[in-house]
Amino acid sequence: MTKKLARVLGFGVLCVAIYLAAVAVAARVNIDEFSLLQHLTGSRLEPGGRSQSLRRFRDAEARGHVDIVFFGSSHAYSGFDPRLFAALGYTSMNLGSMNQTPLNTYELAGRYLPKLTPRLVVLEIFYPTIGGDGLESCRDLTINTPFSWSTMRMAVATWNIGAMTFAVAKGLGLAADDAKATQREIPGEVYVSDGHCQALTRRRALVISDERVPLEINPEQLRYLERTTARVRETGARIVWVTHPLPVDYKRVATGRAEVEAALEAAARRVSVDYWNYDATLALDPLEDFADLHHLSASGVAKFDGAFITQLTRAGYLVPPP
Amino acid sequence: LTHARERDEPRARAGPCWATYLIFNSLAFFAFFPIVVALTFAFPERLRWVVLLAASWLFYAWWRVEYLGLLLVSTTVDYTVGRLLGVEERPGRRKLLLAASLVVNLGMLFFFKYLRFFSVTARALTGAEIPLYDLVLPVGISFYTFQTIGYGIDVYRRKYEPERHFGRFALFVAFFPHLVAGPIMRAQGLLPQFRRIASCDFDRTVSGLGWMLWGLFKKVVIADRAAAFVNVVYGAPDRFQGSTIVVATYLFAFQIYCDFSGYSDIALGAARVLGVDLMRNFDRPYASSTMVDFWRRWHISLSTWFVDYVYVPLGGNRVSWSRRAANVAIVFLLSGLWHGASWTFVLWGAYHGALVVASLGLGYVAKRLLPSFARGAPAAVARALGVAVTFQFVAFGWLLFRAKDLDHVRALLARFPISYPVSTLHEVTHMGPAPAAALGVDLVVLVASIVVMEVGELAITSSKRERIPRAVRWAAWATLSVWVVLTAVQTHSTFLYFQF
């Protein structure tokens, strides 16, 4: 029995040793612009990603208390302009990241809320994130934020072995050293401050396509939405869920929107949170107010944020700073 | 009835993989299986079948609980028919009982798998407004109905005593390692093992886990990776040259082999850990030197099923050459149709039937006419040539198998004259949004893994494998484990043969 146990343990140790050696080698072999490890684990994302995450989370690491924290997808970091809130005397930090799903938000909230101690958390919800697996955002955050156990937990929550391996490599200092990385500039947008990116363009034409993008509901993401809400409340902050307006051509190609909206409204009722769906209530110009198929342009942000601030004030969420 | 090729496209699904499927390549199975193993061996020997049956029904119900009813119908009918056949002596009544079993099993199969196909065909031929029903094909129905049909026929032929214990019979039908994609076991090979399920054994467990790892390697590293290329090329053949379609077809040959044999290896390993031996379903089929040889090595449990229950009753080898050729053709047409309700599968079956008849004919001619030296001396060269030629024929068959419909076959073949082999690599590494380097890495990993698989299968089937020092063997298994973890493709894909 002891001999057999020793054999099993020996095999386990051998596996771990080979795994770590393989990860170390793969992290150091570069093919094209990425390491072999990034190719193998599907984490092919340059530092900063496509959402200026490196810059945003460096800012977040350096910040202390703010009044408002925004979470959500690219709609969050492009849709909430901190200057408009600052003009009213509120400090804010935007922790949106590309395709951020509630699974990712849950871990980010656990990591940053104790440090930022906001009084209000705005959770932006873009319909497709409710059907997603959180993998894209997990990779983005693993590469662009300093390692913490929340990085590992997030990777495990995606049930993706590649994401887990990449998080292990990051944790061991074998991959994606965000401290040495530099954020590249992304054409068509500019990083303003406090996590916000502003689109520099507006779209020229509507999308005319017969292709349909089905929207799905991942019950796990709905559960994370509710868990995130509970986590935010544990810190003493208030929370509101928001969906920003979408142009008419997006609504034409995305099918199953009504089901997703209904699921979100039901979830909001379950946890007694205000869910403000501006996609249903705020009509914007599909060309002038959008930078692409679903991101707001500067004029769209001004209109959306104006309406949002008004509603926040009316509902008593924006209490004047002491 | 979801079409075969629509379902094999790896796609992101809503929800974590364990929410919809409890399958061998899901992380949920890695939680399910150890629990089942622990519970099985925690129970006394005489009650282990209870745990395994409960686990098997749960495994099936996880997919769609309502179709568990079909499994129970098939189980109850064949158990009852078996018991009645055990006491009935009148030939006429025995025939009636067997017919009842066949009607129920084949009726279920026809209703769920072929009704739409035959309705569409009848519509096209007659122009009549025959209603079409969209039914979801119950996973594994072709496998478990064939297994219970085989049991019924064996009992009818008095080759096997009917099973008295309903629970053990239900386990014979539903045993989860082989329930949804085989191997299709015979009663004499499986039922006696359920009477006395052995206790947990270290060597058996290690061997079983080894098979499971090997199957997983074939599925998640090779099959799913090859699928990424194959699906793009077969999805839009008019965007690619003929030579790229040839590359994709070769890759599909490895995809389908690794997908199906990977499943069988995991099934075999899981059963072995649980103290049950399943038959091997594959024996290095791409090392076959003739088409007859190929069918002795590919999906062995189905091939032998058709031989025992269709080919032999039709006359087998004891009839004239022309009759034998016709019997072979019938068997392969049925085998093609078994794989799916589509004319491409019928065509694939006919193609293989014709090749096997030709292969048998050539063998007959060679035996009679060729001088003896040509048969003996250059055996190795002839075998190598045979392997290469057989693989080409088999690979072409996979094109028919993989095509969506006959128009798709035509579209694929129409591209063949448009071939510039030099630029094929460029096409293969620029086929979609992923960067060329990424596809290049995937291609290198794929080819390296295929080489590892071929060498590994040679070693596994070699009688000399025990001579390899244990430390080397364990190091190889450890390296393979890491290779699987690092290169697994996670697409939440199911196994191709689930659709049959």
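## Between chain A and chain B

A salt bridge is a side-chain nitrogen of Lys or Arg within 4 Å of a carboxyl oxygen of Asp or Glu. With that in mind, the count of such bridges between chain A and chain B is zero. Please keep in mind that the model is predicted. Residue pairs in polar contact between the two chains, with both residues at pLDDT 80 or more, also number zero.

What do the chains share, then? Contact joins 27 residues of chain A to 27 residues of chain B. Together the two chains bury about 2,500 Å², and 73% of that lies on carbon and sulfur atoms. On the chain A side, the most area is lost to chain B by Arg7(A), Leu40(A) and Trp159(A), which together account for 29% of what that side buries.

## The chain A side

Which helices of chain A each supply at least two residues to the side that touches chain B? They are helix H1 (2-28), helix H2 (36-41) and helix H9 (161-171). H1(A) gives the most, with 10 residues.

Sorted by class, this side of chain A holds 15 nonpolar, six polar and six charged residues.

## A look at Phe396(B)

Over in chain B, Phe396(B) sits in helix H18, which covers residues 379-402. Is Phe396(B) buried, partly exposed or exposed? Its relative accessibility is 30%, so Phe396(B) counts as partly exposed, since that class lies between under 20% for buried and over 50% for exposed.

Leaving aside residues up to four places away in sequence, Phe396(B) touches Tyr351(B) and Leu413(B). Trp348(B) is 48 residues from Phe396(B) along the chain, and their C-alpha atoms are 9.5 Å apart.

Technical notes:
Residues numbered from 1 in each chain as written. Chains lettered and ligands numbered in written order. Predicted model: local features only at pLDDT ≥ 70, side-chain atom pairs only at ≥ 80, totals over all residues. Heavy atoms only, no water. Helix = DSSP H or I, 4+ residues; strand = E, 2+ residues; numbered from the N terminus. Buried < 20%, exposed > 50% of the residue type's maximum accessible area, 1.4 Å probe, protein only. Contact = heavy atoms within 4.5 Å. Buried area = accessible area lost by both parts, 1.4 Å probe. Polar contact = N/O pair within 3.5 Å; in protein donor to acceptor, adjacent residues only side chain to side chain. Nonpolar A, V, L, I, M, F, W, Y, C, P; charged D, E, K, R; others polar.
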